[in-house]
Amino acid sequence: MKDGDPQGLSPAGQDAADRAAWDEGFKTGLPTLFGIAAWGLVVGIAMVKSGLSVPQSIGMTLLVFAGSAQLASLPLIAAQAPIWVIFATALVVNLRFVIFSALLGPHFAHLPWKQRLLLGYVSGDLTVAMFLQRYPSAEPAPGKLAYLKALVIPNWFAWQIGSVIGIFLGSAVPSEWGLGFAGTLAILCVMVPLIINNAALCGVVVAGAVAVLAYGLPYKLGLLLAVVVGMVTAMFIEETFTKRKARHG
């Protein structure tokens, strides 16, 4: 679990720092694991109820590992939309991970690219937020990588376990139960806590309005348009507020 931070510590001191950081990170992320597993369960059910086979659903949850992108792409897959529309929608929905990467990059730029790629794959919204709350500065610190691993690895397992259970549960439950709609409820539950300021709220409102107005577009392109317009709106309002605060001290 050595993180390779250039701290000048002895091997024994580095190991002790890593173990302490792992324990701290695991305790920090532990309360979120049940919710992550529950969301994975719902997404697993939604995948099967959208027409994917069990092997396809398992492959999707292992390869994609992004609940919001999975839920956004499922109706497009069911509607047999062009592959570029599905990929573009998933890309836009996951653009926030570009920001996450930019925030995490300075902390782990010293690591080999393969290790950074793997960390990027297993990282999620909550884990990145909790890590940055613990380490707001990119300055090297003993155990920093161990702390991140203690957040992202249990989070990944919780999601996959919940998702696989949901996949098999969804394949066994009659379609008349309508559990596919639970995916919509799950994404709403995740979205509401993320509306943390006026900019985010405005982005959500605009995206919702665009989605309703553009509902008739083919291949569910209204969803893609709504996400883009909502993100641009939130970014514009956030930048405007920041400049106004800077002018007024």
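Helix axes are here lines fitted to C-alpha atoms over the stretch in contact, and the angle between two of them runs from 0 to 180 degrees between their N-to-C directions. The model to which this applies is a predicted one.

**Overall composition**

The protein chain contains 11 helices and 0 strands. Read from the N terminus, its elements follow the order α-α-α-α-α-α-α-α-α-α-α. The chain has 249 residues, of which 37% count as buried. Among contacts in the protein chain with a separation of 6 or more, 76% are accounted for by residues 24 or more positions apart.

| Helix pair | Residues | Axis separation | Angle | Crossing |
|---|---|---|---|---|
| Helix 3 and helix 4 | 67-78 and 83-93 | 9 Å | about 160° | right-handed |
| Helix 6 and helix 8 | 113-122 and 144-172 | within 9 Å | roughly 50° | left-handed |

Helix 3 and helix 4 pack at an angle of about 160°. Angles over 145 degrees count as roughly antiparallel, and helix 3 and helix 4 are therefore roughly antiparallel to each other. On the side of helix 3, the contact is formed by Ser68, Ala69, Ala72, Ser73, Leu76 and Ile77, while helix 4 contributes Val85, Ile86, Thr89, Ala90 and Val93. By residue class, this contact comprises 8 nonpolar, 3 polar and no charged residues.

The axes of helix 6 and helix 8 cross at roughly 50°, and these two helices are therefore oblique to each other. Helix 6 supplies Gln115, Leu119, Tyr121 and Val122 to the contact, and helix 8 supplies Leu145, Leu148, Lys149, Val152, Trp156 and Gln160. The residues of this contact of helix 6 with helix 8 comprise 7 nonpolar, 2 polar and 1 charged.

**The buried face of helix 7**

Helix 7 spans residues 125-134, and Thr127, Val128, Met130 and Phe131 are buried within this helix. Viewed down the axis of helix 7, the buried residues fall within an arc of 165°, so they line one face of the helix.

**Summary**

In this predicted model, the protein chain has 11 helices and 0 strands. Helix 3 and helix 4 meet in a right-handed crossing, whereas helix 6 passes helix 8 in a left-handed one. No charged residues take part in the contact of helix 3 with helix 4, and 1 charged residue takes part in that of helix 6 with helix 8.

How values were computed
Residues numbered from 1 in each chain as written. Predicted model: local features only at pLDDT ≥ 70, side-chain atom pairs only at ≥ 80, totals over all residues. Heavy atoms only, no water. Buried < 20%, exposed > 50% of the residue type's maximum accessible area, 1.4 Å probe, protein only. Helix = DSSP H or I, 4+ residues; strand = E, 2+ residues; numbered from the N terminus. Arc of directions from axis to C-beta. Parallel < 35°, antiparallel > 145°, perpendicular 65-115°, else oblique. Left-handed = near helix turned anticlockwise from the far one by under 90°. Contact = heavy atoms within 4.5 Å. Nonpolar A, V, L, I, M, F, W, Y, C, P; charged D, E, K, R; others polar.
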